[in-house]
Amino acid sequence: MSRISKLLSAAAVAGATMLSSVVPAAAAEVVVTHWAALLYGVPYAVALEKGYFKEEGVEITGILSSKGGGTSVRNLMAGETLYAEVALPAALSAIKEKFPIKIINGGTDGSSSMWVTRKDMKIDGPQDLKGMRFAYSRPKSVSESIAIAAVASHGLKPSDVKLIAAGDIGAGITALEHNKVDIATLPEPILSTKKKEGLVFKELPWLGKDVPRYTQTVGIATVDVIQKRGKELAALIKARRRGVEFLYANPDETTKILAKHYNLDSEIAKNAMAGILKQNPTWWNPGRLDYDGMDAMSKALATVGALELPIDWQAAVDDRFVRDLKASR
């Protein structure tokens with residue numbers, strides 16, 4: 001199995017990792033989308049390694065992964081899980097379907113993927129985009145809406161390019177390599193892994209630079225858990241915030257923690273952290289609720305028919321755990 005396959009299948013391996021044999025009263029499992037595969041989980045890895053969860057008063061007995069989307073929400077609803085960090089579209093879809101959950105903190109904001117093409121392609125600016133084949137995952141997905149937003153940011157209509165549903169990240173990469181598409185996105189640490197394997201892509205950092213900032217992931221909990229286990233949620237969110245603060249202040253040590261908890265080659269971990277901080281130096285949100293970013297994602301999803309507007313944010317959000325952080329509106 002290739003390194004990419006291992007990264008993309010990490011979410012399906014091992015369900016939960018037991019982190020301690022001593023479980024105090026305030027013990028909990030959490031769900032983190034693409035844990036040990038993509039970088040959404042770095043603040044949690046830091047908080048585990050540095051002991052922040054214990055210091056704040058909650059024992060994390062396991063981190064459950066998922067392949068993202070609705071799977072993360074279903075994992076939260078299926079058991080006694082305290083909390084989940086999930087894609088905003090998955091949270092909004094569940095709320096629209098009357099699932100008893102609330103958005104309680106911000107997770108990640110803005111792009112975390114690099115648009116790439118084959119190294120011999122003449123795609124050097126917006127003038128070269130017409131007729132190009134863009135890979136995205138599935139119809140009505142985040143990736144489709146972001147592809148449309150990227151194209152629109154350069155004054156083009158979706159009909160000016162060809163949008164091709166590849167299925168997932170790995171399939172999009174394969175399609176690019178075999179000339180089935182011309183442009184795809186690569187998130188970290190997959191981009192750094194590909195480079196380590198000797199594959200060379202032409203990066204297109206200009207392609208998405210003018211896309212409005214959007215919220216990628218948010219923290220959610222059920223209404224019942226919010227009411228009955230609020231102290232644990234407050235402790236978890238504070239510990240995660242400390243993890244975010246640490247990773248920005250100590251990128252070198254964070255790289256070592258990332259390599260350990262994600263079972264990554266140290267060079268890949270180093271390049272992945274450096275790459276994402278260069279591309280989006282504020283991607284990990286300390287927890288504030290970014291209503292502008294959530295609106296931007298909602299509108300992007302509405303353009304592809306994946307979400308019905310408007311969103312009643314007052315009904316969808318419970319901000320009691322992050323009121324000390326200034327929300328963006």
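These legends go with a set of close-up views of the predicted model. A few ground rules apply: local features need pLDDT of at least 70, side-chain atom pairs count only at pLDDT 80 or more, and totals for chains, interfaces and linings use all residues. Residues are numbered from 1 along each chain as its sequence is written, and side-chain values use heavy atoms, with hydrogens and water left out.

**View 1. The largest nonpolar core has 105 residues.** A nonpolar core here is a set of buried Ala, Val, Leu, Ile, Met, Phe, Trp, Tyr and Cys residues joined through side-chain atoms within 4.5 Å. Buried means under 20% relative accessible area, exposed means over 50%, and partly exposed is in between (1.4 Å probe, protein chains only). Look for Ile103 and Ile220, which touch the most other members. Helix H10 (residues 230-249) gives the most to this core, with eight residues. Helices (H or I, at least four residues) and strands (E, at least two) are DSSP runs, numbered from the N terminus. As background, nonpolar side chains tend to be buried together in soluble globular proteins.

**View 2. Asp124 and Lys202 meet in a salt bridge.** That term covers a side-chain nitrogen of Lys or Arg within 4 Å of a carboxyl oxygen of Asp or Glu, and the structure holds 21 of them. In this one, N to O is 2.6 Å. Lys202 sits in strand S9 (residues 201-203) and Asp124 in the loop between strand S5 (113-118) and strand S6 (133-136), so the pair ties together parts that are 78 residues apart in sequence. Lys202 is partly exposed at 22% relative accessibility, and Asp124 is partly exposed too, at 45%.

**View 3. Lys122 pairs with Asp128 in a salt bridge.** The closest N and O atoms are 3.6 Å apart. Lys122 is exposed, with a relative accessible area of 60%, whereas Asp128 counts as buried at 14%.

**View 4. Arg241 of helix H10 forms a salt bridge with Asp324.** The N to O distance is 2.9 Å. Asp324 lies in the segment after helix H14 (313-316), and the two residues are 83 apart, so this is a link between distant parts of the chain. Arg241 is buried, at 14% relative accessible area, while Asp324 is exposed at 55%.

**View 5. Helix H7 spans residues 169-177.** Its buried residues include Gly170, Gly172, Ile173, Ala175 and Leu176. At the start of H7, a side-chain oxygen of Asp168 comes to within 3.2 Å of the backbone nitrogen of Gly170. After the helix comes Asn179, with a positive phi near 60 degrees.

**View 6. Two prolines follow cis peptide bonds.** The bond joining Glu188 and Pro189 has an omega of about 5 degrees, and Pro189 lies in the loop between strand S8 (184-187) and helix H8 (190-196). From Leu309 to Pro310, omega is near 0 degrees; Pro310 is in the loop between helix H13 (291-303) and H14.

**View 7. His34 and Lys98 have positive phi values.** For His34, phi is near 55 degrees, and the residue is placed in the loop between strand S1 (27-33) and helix H2 (42-50). Lys98 has a phi near 70 degrees and is found in the loop between helix H5 (88-96) and strand S4 (101-109). Lys98 is also exposed, at 71% relative accessibility.

Methods. Polar contact = N/O pair within 3.5 Å; in protein donor to acceptor, adjacent residues only side chain to side chain.
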